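Student: I have a structure open and want to talk it through. Can we start with the overall layout and then go to the side chains?

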Amino acid sequence: MQTAKTVLEVIHRRGMEGKTLERLYRQLFNEEIYLNAYAEIYSNKGGLTRGISEETIDAMSVKRIHSIIKRLRTETYRWKPTRREYIPKKDSKKRPLGILSGDDKILQAVLKTLLEAYYEPQFSDRSHGYRPNKGCHTALQQIGRKHHTVSWFIEADIRGCFDNIDHDILIDILSDKIKDGRFIRLLKHLMKAGYVEDWKWHKTYSGTPQGGIISPLLSNIYLNELDIWVEKELMPEYNRKPKSGRKKMNPKYKHYQRKRSNAKKQGDWKSYKHYGNLMKSLPTTI
């Protein structure tokens, strides 16, 4: 059997080349990938928190890995429902959190390892959320490098993003690149596992569980379709350049810039601030 490093390099290369993945399910039988995935999650906060059963990721062993692999080989692995808890948010509201059982945490970490190797090179360079070595700081650095002439940005939020992901659409997106029925079925069963709250089982009709190890990656795979649409459809339409190929200074912005400069020379700080605010409301170029 190939080493985990070789397997992930091959998967990563296929992702970079935009090729489909076949026979991915059999990589779930690779013991080394489980050991590497466990190393990524064993120190996580909440790693030893129990789901609906007594098992946690503690007492990891090769025997336990073999047990998971055996059930996967015979397609008898069954995802357990998550245990739902609520944690406080900054706005005094509460956010639902799904707590996984031990074996499910380990297997989700393995799935994340495989899918991340494939999809990471396909994601937009402008996407920074829930990605390795990316975050708020890399987003700010990119703005500083590439958008220094921009004077305003739009901030938006997708309400209940994880909770409202459409299962059928997500499965269609995954099936477009992953040509392996067993692997897709395993993910489909994961989404339909449901949750337990106050000792009562609830069916999940949409969404991926908040708190799930693989949930942020699945949401990125889902939202990557939006990124593609914005970059291929919206940006070419609205980021039009003049025929010369160079952007021109916005005349209104330039007018306020002169007024602001004169106000500064005259020591009129009230007008200086006023024109500065007007400049902030306009794009610097057209």
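**Cysteines, layout and salt bridges**

Tutor: Let us start with one cysteine: C136 is exposed, at a relative accessible area of 65%. Keep in mind that this is a predicted model.

Student: And C161, buried or exposed?

Tutor: C161 is buried, with 19% relative accessibility. The cut-off for buried is under 20%.

Student: How many disulfides does the structure hold?

Tutor: The structure has zero disulfides. C136 takes part in none, and its nearest cysteine sulfur, on C161, lies 16 Å away.

Student: Okay, layout. Which domains is the protein divided into?

Tutor: There are two entries in the assignment: domain 1 covers 4-239 and domain 2 covers 251-281.

Student: What distance separates their centres?

Tutor: The centres of domain 1 and domain 2, taken over C-alpha atoms, are 49 Å apart.

Student: What is the radius of gyration, against that of a compact globule?

Tutor: The protein has 25 Å, whereas a compact globule of 286 residues would have a value near 19 Å. Along the principal axes, the C-alpha atoms fill a box of roughly 80 × 45 × 30 Å.

Student: How many helices and strands?

Tutor: Ten helices and six strands.

Student: What share of the residues is buried?

Tutor: Of the 286 residues, 37% are buried. The protein exposes about 18600 Å², and carbon and sulfur atoms supply 51% of that area.

Student: What about contacts between residues 24 or more positions apart?

Tutor: Such pairs account for 73% of the contacts with a separation of 6 or more.

Student: Changing topic. How many salt bridges does a search of the whole structure find?

Tutor: Eight salt bridges. One of them joins the side chains of R71 and D103, with N to O at 3.0 Å.

Student: Where do R71 and D103 lie?

Tutor: R71 is in helix 3 (residues 62-73) and D103 is in helix 4 (residues 102-119), so the bridge ties together parts 32 residues apart in sequence.

Student: Are those two buried or exposed?

Tutor: R71 is partly exposed, with a relative accessible area of 24%. D103 is buried, at 9% relative accessibility.

Student: Which residue does K112 form a salt bridge with?

Tutor: K112 pairs with E116, and their closest N and O atoms are 3.3 Å apart. Both residues lie in helix 4, four residues apart, which is about one turn of the helix. K112 counts as partly exposed at 26% relative accessibility, while E116 counts as buried at 18%.

Student: And which residue does E231 form a salt bridge with?

Tutor: The partner of E231 is R126, with the closest N and O atoms 2.9 Å apart. E231 sits in helix 8 (residues 215-238) and R126 in the loop between helix 4 and helix 5 (136-146), so this pair ties together parts that are 105 residues apart in sequence.

Student: Where do E231 and R126 stand on accessibility?

Tutor: E231 is partly exposed, with a relative accessible area of 28%. R126 is also partly exposed, at 48%.

Conventions:
Residues are numbered from 1 along each chain as its sequence is written. This is a predicted model: local features need pLDDT of at least 70, side-chain atom pairs count only at pLDDT 80 or more; totals for chains, interfaces and linings use all residues. Side-chain values use heavy atoms; hydrogens and water are left out. Domain bounds come from an automatic or database domain assignment. A disulfide is a pair of cysteine sulfur atoms within 2.5 Å. Buried means under 20% relative accessible area, exposed over 50%, partly exposed in between (1.4 Å probe, protein chains only). Helices (H or I, at least four residues) and strands (E, at least two) are DSSP runs, numbered from the N terminus. The radius of gyration is taken over C-alpha atoms; the globule rule is 2.2 Å times the number of residues to the power 0.38. Contact means heavy atoms within 4.5 Å. Accessible areas come from the Shrake-Rupley method with a 1.4 Å probe; for residues, only the protein chains shown count as cover. A salt bridge is a side-chain nitrogen of Lys or Arg within 4 Å of a carboxyl oxygen of Asp or Glu.
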